[in-house]
Amino acid sequence: MAREIRLKGEEAIFAPTPPLESLRMVLSHATTRFPGEPEKIWDGESPERQMIFFMDISRAYFNAKVDEDDPVYVDFPPEYGAPPGTCALLRRHMYGTRRAADGWQSEYSGALIDLGFTQGTSSACVFRHAERHIMVSVHGDDFTSTGEKRELDWLEQQLESKYELRKGGRLGPGPNDAKELTVLNRILRFTEAGYEYEADPRQAEKLLESLHLDEGCNAAATPGLKALIEQLEKDQAVPQGEHTEFRGQAARANYLSADRVDLQFAAKEVCRFMSAPTETSVGALKRMGRYLLGHKRLVYTYPWQAASGIDVYSDTDWSGCARTRKSTSGGCVMIGAHVIRTWSSTQPSVTLSSGEAEFYGLVKAAGAGLGHQSIMLDFGLKTPVRVWTDSSAAIGISTRSGLGKLRHLETHTLWVQEKVRTGAIEVRKVRGDVNPADLFTKHLPSRDKIHQLVKLFGCEYRAGRSDAAPLLRPQG
């Protein structure tokens with residue numbers, strides 16, 4: 001391990017990493033038949049059965065060669081006993097040097113390309129082998145691959161001849177295939193109906209522990225309640241000494257919400273108070289914790305299916321923030337019945353009408369849909385994009401040309417109109433009571449409503465704890 005410090009004036013160096021949804025896309029691809037693809041086999045006795053393979057590379061950075069035109073020198077450790085004034089010239093990257101991650105990304109990309117893979121254009125961490133029908137997503141030194149068993153055998157053999165592998169296992173329908181594994185601390189599971197995905201339970205457990213909530217506390221039916229104007233008028237800032245603790249708890253809630261569709265809006269609202277926590281925000285965080293007491297485990301299901309396109313659902317709560325009168329946009333990207341990505345975000349400016357707010361929410365959804373369409377192209381799939389909204393006004397704005405009578409619209413959002421006219425995206429109407437994006441725009445009034453919307457994502461609440469889940473380390 002070395003330590004290289006970036007000097008003043010030096011540019012930062014970044015290595016690409018895939019978004020979280022790339023793991024979900026691999027799960028979805030393994031369980032979905034797309035038009036034009038070879039028939040996928042899910043028979044557990046077949047050597048051509050579809051599987052998901054997980055592995056990581058041991059000491060990955062040591063495999064990356066240092067560029068001779070950009071040499072890196074390091075001091076010897078004191079115990080080495082090197083003569084004074086001497087240093088070492090690195091031939092391979094070391095952990096802690098600035099270019100190590102970028103060098104490793106170049107190394108494995110070149111290795112996969114040499115094996116016949118095509119690197120993704122939208123995501124440099126996605127690779128596809130057109131002839132062998134293998135897809136690979138790389139996150140640091142973790143490789144997640146999907147394909148037929150015999151093709152994954154070939155990939156394992158090729159990588160093992162070049163790197164030192166740690167094989168995480170293969171999920172699949174075969175009698176000797178693994179049925180439950182952890183990847184990036186998420187739990188993946190094979191069932192007769194398809195695959196399942198759930199969050200690392202330690203995140204919820206650590207949050208409850210830091211909030212000093214235990215099983216003796218009363219569980220809440222919903223993760224949050226809308227603050228009243230009178231309550232906000234009397235709101236007080238918390239002492240400065242409590243800010244760091246609040247920020248750590250809010251950050252953990254935000255991290256957990258990436259795997260919990262039922263927490264995304266509540267976590268987003270809490271995180272808006274990061275810079276200046278108040279008594280109301282602390283109460284909202286504790287309310288979310290009490291909800292977790294009764295809903296510790298949410299499982300995403302990815303059943304076997306056939307799908308032909310990308311469906312993006314959009315919803316907006318106009319002027320829902322009592323403090324700023326800003327609106328909240330929420331949405332989700334679905335492939336058939338599989339949830340790929342979700343979001344809940346406060347709009348940056350105050351809108352003058354609900355139609356304007358809904359249109360901005362539709363613009364964000366359209367952008368997300370086109371982005372995932374590009375990633376699907378990296379996987380060799382050309383998929384149409386359908387954007388669903390429950391707002392007739394948003395549909396009307398997106399299907400016309402120009403501002404019309406809404407002269408206050410931000411003109412940079414009008415690109416959606418061109419995409420609709422050219423057929424790049426299709427805008428459709430969905431009933432408000434069955435719009436799954438409603439979950440991300442406001443605090444819902446009842447447990448039943450939350451459970452109804454959660455089911456639209458193919459998610460299920462369960463009791464207990466997964467056997468594959470890592471255990472929480474005891475404190476002290």
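This section describes the nonpolar cores and the helix packing of a predicted model.

The largest nonpolar core comprises 54 residues. Within this core, the residues with the most contacts are Leu188, Tyr195, Val261, Met288, Leu439 and Phe457. Helix α8, spanning residues 279-294, supplies the largest share of the core, namely five residues. Apart from this core lies another one, of 34 residues, which includes Ala307, Val333, Leu370 and Val416. In soluble globular proteins, nonpolar side chains tend to be buried together.

Leaving aside residues up to four places away in sequence, Met288 touches Pro223, Ala253, Leu263, Ala266, Ala267 and Val270. Met288 also takes part in the packing of α8 against helix α6 and against helix α7.

Helix α6 (residues 243-257) packs with α8 at an angle of about 45°, the two axes being 11 Å apart. On the α6 side, the contact is formed by Phe246, Gln249, Ala250, Ala253 and Leu256, and on the α8 side by Ser281, Val282, Leu285, Met288 and Leu292. By class, eight residues of this contact are nonpolar and two are polar, with no charged residues.

Helix α7 (residues 264-271) crosses α8 at roughly 155°, and the axes of the two helices come within 9 Å. Because angles over 145 degrees count as roughly antiparallel, α7 and α8 are assigned to that category. The crossing of α7 and α8 is likewise left-handed. Ala266, Ala267 and Val270 of α7 meet Ser281, Ala284, Leu285 and Met288 of α8. Six of the residues in the contact of α7 with α8 are nonpolar and one is polar, while none is charged.

The crossing of α9 and α10 is right-handed. Gly355, Glu358, Phe359 and Leu362 of α9 make the contact with Ala393, Ala394, Ile397 and Ser398 of α10. The contact of α9 with α10 contains five nonpolar residues, two polar residues and one charged residue.

Definitions and conventions: Residues numbered from 1 in each chain as written. Predicted model: local features only at pLDDT ≥ 70, side-chain atom pairs only at ≥ 80, totals over all residues. Heavy atoms only, no water. Left-handed = near helix turned anticlockwise from the far one by under 90°. Helix = DSSP H or I, 4+ residues; strand = E, 2+ residues; numbered from the N terminus. Contact = heavy atoms within 4.5 Å. Nonpolar A, V, L, I, M, F, W, Y, C, P; charged D, E, K, R; others polar. Core = buried A, V, L, I, M, F, W, Y, C linked by side-chain atoms within 4.5 Å. Buried < 20%, exposed > 50% of the residue type's maximum accessible area, 1.4 Å probe, protein only. Axes fitted to C-alpha atoms, helices over the stretch in contact; angles between N-to-C directions. Parallel < 35°, antiparallel > 145°, perpendicular 65-115°, else oblique.
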